[in-house]
Amino acid sequence: MVKFIESELVLLKKEVDEMWTLVYNQLERAADAVLTSDRELAQQVCVCERRVNAFELKIDSDVEDIIALYTPVAIDLRFVLAMLKINTNLERLGDFAESVARFALEEKELTLDADLVKRLRLQEMIDQVLSMLELAKRALQEESQELATSVFAKDNVLDEINANASTLLAEYIQQHPESALSCINLASVFRKLERAGDHITNIAEEIVFFIDAKVLKHHDTAEEGYGQEK
């Protein structure tokens with residue numbers, strides 16, 4: 001029985017890893033579509049969202065089978081539960097990728113104001129989200145609590161950029177009222193990226209739970225330096 005459950009857990013981890021790669025690629029392509037106003041690339045992201053949803057359902061089903069057939073306990077149970085919650089957060093990241101891509105699809109202005117984009121630090125925000133997702137993946141692969149907790153501090157940068165973006169976009173609308181709708185839609189992109197950071201933080205918390213049985217979201221994370229609950 002032990003040998004069977006071990007092989008199932010290895011397969012489950014492999015599936016989550018594949019889901020992770022798919023979602024990472026979705027976020028990366030969606031961001032590129034916005035930065036380059038590439039509607040064809042944005043369309044590809046939207047079509048691929050169906051694969052993300054199908055992957056989530058497959059992993060959920062496999063988790064249910066493992067629990068029903070093998071009744072895992074202790075570290076095995078923590079691992080299975082962590083994979084289930086990580087899978088849910090990855091699916092939400094896929095949703096955000098699609099929402100970001102839809103900005104490029106629906107935006108009527110062919111190109112964004114390059115100076116505005118630079119001041120908004122959009123590229124930096126995108127890089128930070130992708131970096132957090134990659135770091136969390138490494139934390140799981142290496143079963144490193146230190147790597148997992150280092151994700152939390154990075155989320156603060158996303159919060160800062162998002163807050164500043166709202167002010168900058170409001171000022172830009174006053175100076176260029178004809179671009180008001182584009183700016184409002186662009187603000188939504190920043191909110192989606194900020195929320196993506198929240199979900200990556202949730203993933204990091206689940207990794208710590210698996211490694212050290214700590215449920216950080218029930219702690220006073222601000223005092224412990226882990227960042228606020230999302």
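This report walks through charges, contacts and backbone angles in the structure above.

## Ground rules

This is a predicted model, where local features need pLDDT of at least 70 and side-chain atom pairs count only at pLDDT 80 or more, while totals for chains, interfaces and linings use all residues. Residues are numbered from 1 along each chain as its sequence is written, and side-chain values use heavy atoms, with hydrogens and water left out.

A few terms come up again and again. Helices (H or I, at least four residues) and strands (E, at least two) are DSSP runs, numbered from the N terminus. A residue is buried under 20% relative accessible area, exposed over 50%, and partly exposed in between (1.4 Å probe, protein chains only). Those areas come from the Shrake-Rupley method with a 1.4 Å probe, and for residues only the protein chains shown count as cover.

## Salt bridges

Let's start with pairing. Side chains of opposite charge can pair when their charged atoms come close. Here a salt bridge means a side-chain nitrogen of Lys or Arg within 4 Å of a carboxyl oxygen of Asp or Glu. By this rule the count comes to eleven salt bridges.

One of them joins Lys 14 and Glu 18, whose closest N and O atoms are 2.6 Å apart. The two sit four residues apart in helix H1, so about one helical turn separates them. Lys 14 is partly exposed at 49% relative accessibility, and Glu 18 is partly exposed too, at 34%.

Further along, Arg 195 and Asp 198 meet in a salt bridge of 2.6 Å, N to O. Arg 195 is partly exposed, with 34% relative accessibility, whereas Asp 198 is buried at 5%. Both belong to helix H7 (residues 180–212), and because they are three residues apart there, about one helical turn lies between them. Salt bridges can also share partners: Glu 15, Lys 58 and Asp 62 are joined into one network that way.

Which buried residue has Arg 92 as its nearest side chain of opposite charge, 7.5 Å away? That's Glu 49, which is buried yet has no salt bridge. In this bookkeeping Lys and Arg count as positive and Asp and Glu as negative, while His and the chain ends are not counted. Glu 49 is found in helix H2 (residues 39–70). Leaving out residues up to four places away in sequence, Glu 49 touches Gln 26, Glu 91, Gly 94, Asp 95 and Glu 98, where contact means heavy atoms within 4.5 Å.

Beyond four places in sequence, Glu 91 touches Met 19, Glu 49, Val 52, Asn 53 and Glu 56.

## Leu 22 and its neighbours

Leu 22 is part of helix H1 and, at 8% relative accessibility, counts as buried. Again skipping residues up to four places away in sequence, the contacts of Leu 22 are Cys 48, Arg 51, Val 52 and Phe 55. Leu 22 and Glu 49 are 27 residues apart along the chain, and their C-alpha atoms are separated by 9.5 Å.

## A negative patch

Glu 28, Asp 32, Asp 38 and Glu 40 form a negative surface patch. Patches are made of residues with over 30% relative accessible area and no salt bridge; like charges are joined within 9 Å, and nonpolar side chains (Val, Leu, Ile, Met, Phe, Trp, Tyr) within 5 Å. The place of a charge is taken as NZ of Lys, CZ of Arg, CG of Asp or CD of Glu.

## Positive phi angles

Which residue other than glycine has a phi near 50 degrees? Ala 74 does, and that value is positive. Ala 74 lies in helix H3 (residues 74–106) and is exposed, with a relative accessible area of 53%.

Arg 121 is not a glycine either, but has a positive phi of about 65 degrees. Arg 121 sits in the loop between helix H4 (114–120) and helix H5 (122–142), and is partly exposed at 24% relative accessibility. The side chain of Arg 121 also meets that of Glu 124 in a salt bridge (2.8 Å, N to O). Glu 124 is partly exposed, at 36% relative accessibility.
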